[in-house]
Amino acid sequence: MSKSMFSASRGRRKKAAAPVAARMMAAFFRSALKVPALVLTPAKASKPATKAKARTAADKAPARPRLVTAPARASFRTLTHDCAFGQRGYKIYTPASAAGSADPLPVLVMLHGCGQTPDDFAKGTRMNALAEEFRMLVVYPAQTREAHPKRCWNWFQPGDQHRGAGEPALLASLTREVLQQNPADPARVYVAGLSAGGSAALVLAQAYPDLFAGVGVHSGLPAGAAQGKAFAMTAMGQGNPGIPSPHPVPTIIFHGSKDHVVNARNGRFVAIRALEPFAYLRETQQKRQVPKGRSYVRTSHRVGQGRAFVEHWLIEGSGHAWSGGSPAGRFVDPSGPDASREMVRFLLRHRTTIRKRRMQFAA
C-alpha cells in the first residue's frame, strides 16, 4: 500500500507517463515512498490540556494538535518478540507519568504504514506525548523487509487474515507478552494503524475481540477486502466492502476525501461493517472545521446519549496521510483534526469484560 502515501498535485499526475493504476501498483510493490507535499506548517506549541478538558474539546471542535515534549524519565525501549508464528522487533513507550502509581496502564498497539518505522510513526502521530497525558503504554511493532519489501503489513494475504495464523497470531502473541511483562490493564488493550497498518489493525481486532477492546483505522480497508496482491490494488483503487464481522468491536475511522491511494469508499465500508454486529445505534452527524485548517464530517453511532461505538471521520481535501500529525514524521497532514487525540479519547471509553477475556484461554 506504499505509493507515495500522499496524493500528488494534478500537475504532477499529468506529467506521469504511466496510467494511474500502473503508478499505484509500482508504488505499492516497487518504488520507494517519497515525502509528500501535504505537510503544512505545524500549529504553535501550547501546554497540554487536562484529561477532562481534552475530552470535552474533542467532543466539540478539535483544534490543531499540540506539540508536547516527552519528559526525560520516560522510556522508549527496543525489544524483540519470538513465538511460534515468527519474530518481530518492537518499541514500547512507558510514560514518566506512570511512575509511583499502582494502577495498571492501558495499552495501545500502533501498526505503522508502508515504508515507515516505529520511530517515524511515533514522531508523526505524537502518540508518545498523549501517552504521558493519558497514562498509557504505547507499543510499535516493526514489520520486516523479509515479510514485505516495503515493510507493509500483509493485510491482503489469505494466510494473514485469521485468528491462530500468520501476522494476526504473531501480533496477538506480542501483545500478550507486553501484558505479562508490564503493569498493563488487560481490560484496556487497543490497536490502531495507518494504511496497511490500519487494515491489519482491523483484521487483528476482529480476529481477537477477547484481547482488543477497540480499534482505530486510518486510511485503511475492511477486513477481507482482498485475497492477494492483485486484488489488493483493485480494492485500494475502487473500494471493497470486505466481509462481515461476527463480533461487535468499537471502531473509529479516519479517511481523507482526496485519498488517491486508498479510495475513501473503504472508510465508509469499514464503518458499515463495524456497525453490523450491533443491534441498534443512533446516528448523529456533525460538520465542522479545524481553525485555519481542514473541514471534516464526523458521523457517530451511539446508544442514546452515551459513548460512541462507531465513529467515521471524513476529512475534506486530505490525502493519504495521518490527520493532525506532526511534520517531524512522514505521511502526515497537520491541517486536519487531531486523529491521535480523537482515537485515544474514543478508545479509552471501552474495555473488554472478564467473560470476553476468558475466550483467549479457551481458544
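Trainee: Which residue does E342 meet in a salt bridge at 2.7 Å, N to O?
Mentor: Keep in mind that this is a predicted model. A salt bridge here needs a side-chain nitrogen of Lys or Arg within 4 Å of a carboxyl oxygen of Asp or Glu. E342 brings the oxygen, and its side chain meets its partner at 2.7 Å. That partner is R345.

Trainee: Where do E342 and R345 both lie?
Mentor: The two residues are three positions apart. That spacing is about one turn of the helix. Both sit in helix α10.

Trainee: Which residues do salt bridges that share partners join into one network?
Mentor: Start with E342, whose side chain meets R345 in a salt bridge. R345 also forms a salt bridge with E311. Shared partners like this build one network, and its members are R298, E311, E342 and R345.

Trainee: How many residues apart are R345 and E311?
Mentor: Their side chains meet at 2.9 Å, N to O. Yet the pair links distant parts of the chain. R345 is in helix α10 (residues 339-347), while E311 is in strand β10 (residues 308-315).

Trainee: How far apart are the closest N and O atoms of R188 and D185?
Mentor: This is another salt bridge. R188 is buried, with a relative accessible area of 16%. D185 is buried as well, at 10%. The closest N and O atoms of the pair are apart by 2.8 Å.

Trainee: How many salt bridges does the structure hold?
Mentor: We have looked at R188 with D185, R345 with E311 and E342 with R345. These are among the salt bridges of the structure. The total is 10.

Trainee: What share of the contacts with a separation of 6 or more comes from residues 24 or more positions apart?
Mentor: Now take the chain as a whole. It has 12 helices and 12 strands. Of its 363 residues, 58% count as buried. For those contacts, the share from residues 24 or more positions apart is 71%.

Note on methods
Residues are numbered from 1 along each chain as its sequence is written. This is a predicted model: local features need pLDDT of at least 70, side-chain atom pairs count only at pLDDT 80 or more; totals for chains, interfaces and linings use all residues. Side-chain values use heavy atoms; hydrogens and water are left out. Helices (H or I, at least four residues) and strands (E, at least two) are DSSP runs, numbered from the N terminus. Buried means under 20% relative accessible area, exposed over 50%, partly exposed in between (1.4 Å probe, protein chains only). Contact means heavy atoms within 4.5 Å.
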